[in-house]
Amino acid sequence: MMKSEAVTAYETVPTSAYSSPARSLGDTGITPLSPSHIVNDADPNVSEQQTFLVVVAIDFGTTSSGYAYSFTKEPECIHVMRRWEGGDPGVSNQKTPTTILLTPERKFHSFGYAARDFYHDLDPNEAKQWLYLEKFKMKLHTTGDLTMDTDLTAANGKKVKALEIFAYALQYFKEQALKELSDQAGSEFENSDVRWVITVPAIWKQPAKQFMRQAAYQAGLASPENSEQLIIALEPEAASIYCRKLRLHQMTDLSSKAAVNGYSSSDTVGAGFAQAKEHIRRNRQSRTFLVENVIGEIWSELEEGDKYVVVDSGGGTVDLTVHQIRLPEGHLKELYKATGGPYGSLGVDYEFEKLLCKIFGEDFIEQFKIKRPAAWVDLMIAFESRKRAAAPDRTNPLNITLPFSFIDYYKKFRGHSVEHALRKSNVDFVKWSSQGMLRMSPDAMNALFKPTIDSIIEHLRDLFQKPEVSTVKFLFLVGGFAEAPLLQQAVQAAFGDKCRVIIPQDVGLTILKGAVLFGLDPAVIKVRRSPLTYGVGVLNRYVEGKHPPEKLLVKDGTRWCTDVFDKFISADQSVALGELVKRSYTPAKPSQLVIVINIYSSELDDVSFITDPGVKKCGTLRLDLTGASSTNVPARREIQTLMQFGDTEIKATAIDIATSKSVKVGIDFLNY
């Protein structure tokens, strides 16, 4: 909404309803011209002019990351990045851990396994000087007031700028990918040949999505002038695009109710898991995946208007998205805005840490993490591989090796042995084995999964209550955490009677492959739900009895109501990609030489004034009105304002119809 106000005044004035910023300066205001609402469809001229030789998608995950690519000349071949040096026992390494190491001088040193191994081999006293970061992506989700200056804390307690770390990581992927492409092509690959796609959780708020784009600009993947070289894709949407292509032999259907090949359905699930495991084992060897240019069998069972849910469960977050099919091309329409929360597999690690605190004492664990950071990383790696061995039907215990320095440091710290601590603690399902291991019963391991899985199931239950989500045909379970048989079983048990639960085979790579497909054909997602309400601040004619008296502003004998929020689009309204929403305004005072249009957003749908709680300023358009001779300017000068809704970016434009002057601005959630 446009408020007429000086920007400086805005910063200093408290936003209570009684001290309207408009009072300080009523000279840049605008008022709607009737008719105000002209919504027009996606602009046909926004087609892609640029051509790229290759699409590279980066799945920047909380726990692990990777990239995949496809040449635009052979879009049916998706190549997953080269194998990374230094895998972990019991963990497939098509992706690399999201870990980064900076030297004591804060220069980039290494990423992934290399960062972890190097950090681990440092002398403990030297290690304290180096900055090691892991699982830092969650910070973008959990920080309420994210800005370009938000900090992250390294393992040694030192602070670094989040933007720098994200840019370093993206730059690392850029270099790896360009190198691999150049090696493959036998000639230098330029960055300008590449269209980049970075995936982010759909439940991230707008500032976090914009932050990712800024980090990518800093890493040199694209630039603000050439913003279409980079697409920010939503993780569940990418998964959804890939799931459309699935053939029957590329997935496990947990809900085959009828006896299949003579198995009863209870055997089927067991057999399904076994089959899925075998597939995963075989697929690890291959790096190039053929995506047939067909609609998969599952998809061919779907009819116009059918709905399905994509549950994307990763390391940090779980994202739920509901899509609906639009025929004939099978475009996707988002039916219900993305929901979810911080219920990723990290929750299981957190429960393990709580268990260790219960046995050995919180004071010891805190000290151990600070004094022996590399050994702590080791312990969590050992836990990770056992975590992946957890299964609903497991009967034999899981052994977790305790690093020697854990045992040693504990004895120094407490004056008695680890073994003694285990005997003394009343945690009866964790025992000490003579080989120096923690021995956990399967029930103990399953208990660590329970809080996270319960949160996911509860969230899905809420979602299934929504009217838009009734009659869902399929539930696709994707993301790294979807590999967990405990989660698969819980989802099947809770929702198997409502819809078919489907797990793509190489479930951890689903998002990566879908993101490549999205980069090859961005038009496949046609309709999204706007996460926020957007509008501008305007002056309206004051109506006695309708407008609050404290909003009255009298200028040159005209009575105005200030601070009105003039809505462009409401939260959860459907927005076609590329859609333009137009409004026309006129300067509040004919003699004005400049107008300032301020753009605001709110998570609420029902907003009347820009001073309402929760309304945030996210853009300013300043238009100079000089330059038109008074003879050809109509009495009510028309200023057209357009908002165009793109992937995660929104662009606003103001045009002075009399002079054709225009100004453009990208909506900015980080700098206001």
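A: Helices here are DSSP runs of H or I with at least four residues, and strands are runs of E with at least two, both numbered from the N terminus. On that basis the protein, which is a predicted model, has 17 helices and 34 strands.

The serine to examine is Ser602, which is found in strand β30, spanning residues 594-602. Its relative accessibility is 1%, and because buried means under 20%, Ser602 counts as buried. A polar atom of the Ser602 side chain lies 2.9 Å from the backbone nitrogen of Leu604. Leaving aside residues up to four places away in sequence, Ser602 touches Leu532, Thr533, Val607, Gly614 and Val615.

Among the contacts in the protein with a separation of 6 or more, 72% are made by residues 24 or more positions apart. The protein exposes about 28,300 Å², of which carbon and sulfur atoms supply 51%.

Two other elements complete the picture. Strand β26 (residues 552-555) pairs with strand β27 (residues 558-569) in the antiparallel sense over four bridges, with Val554 standing opposite Arg559 in β27; two residues lie between these strands in the hairpin, where Asp556 takes a positive phi near 50°. Helix α15 (residues 442-465) has 24 residues, so at 1.5 Å a residue it should span 34 Å, and this agrees with the 33 Å between its end C-alpha atoms. Within α15, a kink of about 40° lies at Lys450, shortly before the proline Pro451.

Methods: Residues are numbered from 1 along each chain as its sequence is written. This is a predicted model: local features need pLDDT of at least 70, side-chain atom pairs count only at pLDDT 80 or more; totals for chains, interfaces and linings use all residues. Side-chain values use heavy atoms; hydrogens and water are left out. Two strands pair if DSSP finds at least two bridges between them. The expected span of a helix is 1.5 Å times one less than its number of residues. The bend at a residue is the angle between axes fitted to the seven residues ending there and the seven starting there. Buried means under 20% relative accessible area, exposed over 50%, partly exposed in between (1.4 Å probe, protein chains only). A polar contact is a pair of N or O atoms within 3.5 Å; within protein, one must be able to donate a hydrogen and the other to accept it, and residues adjacent in sequence count only if both atoms are side-chain atoms. Contact means heavy atoms within 4.5 Å. Accessible areas come from the Shrake-Rupley method with a 1.4 Å probe; for residues, only the protein chains shown count as cover.
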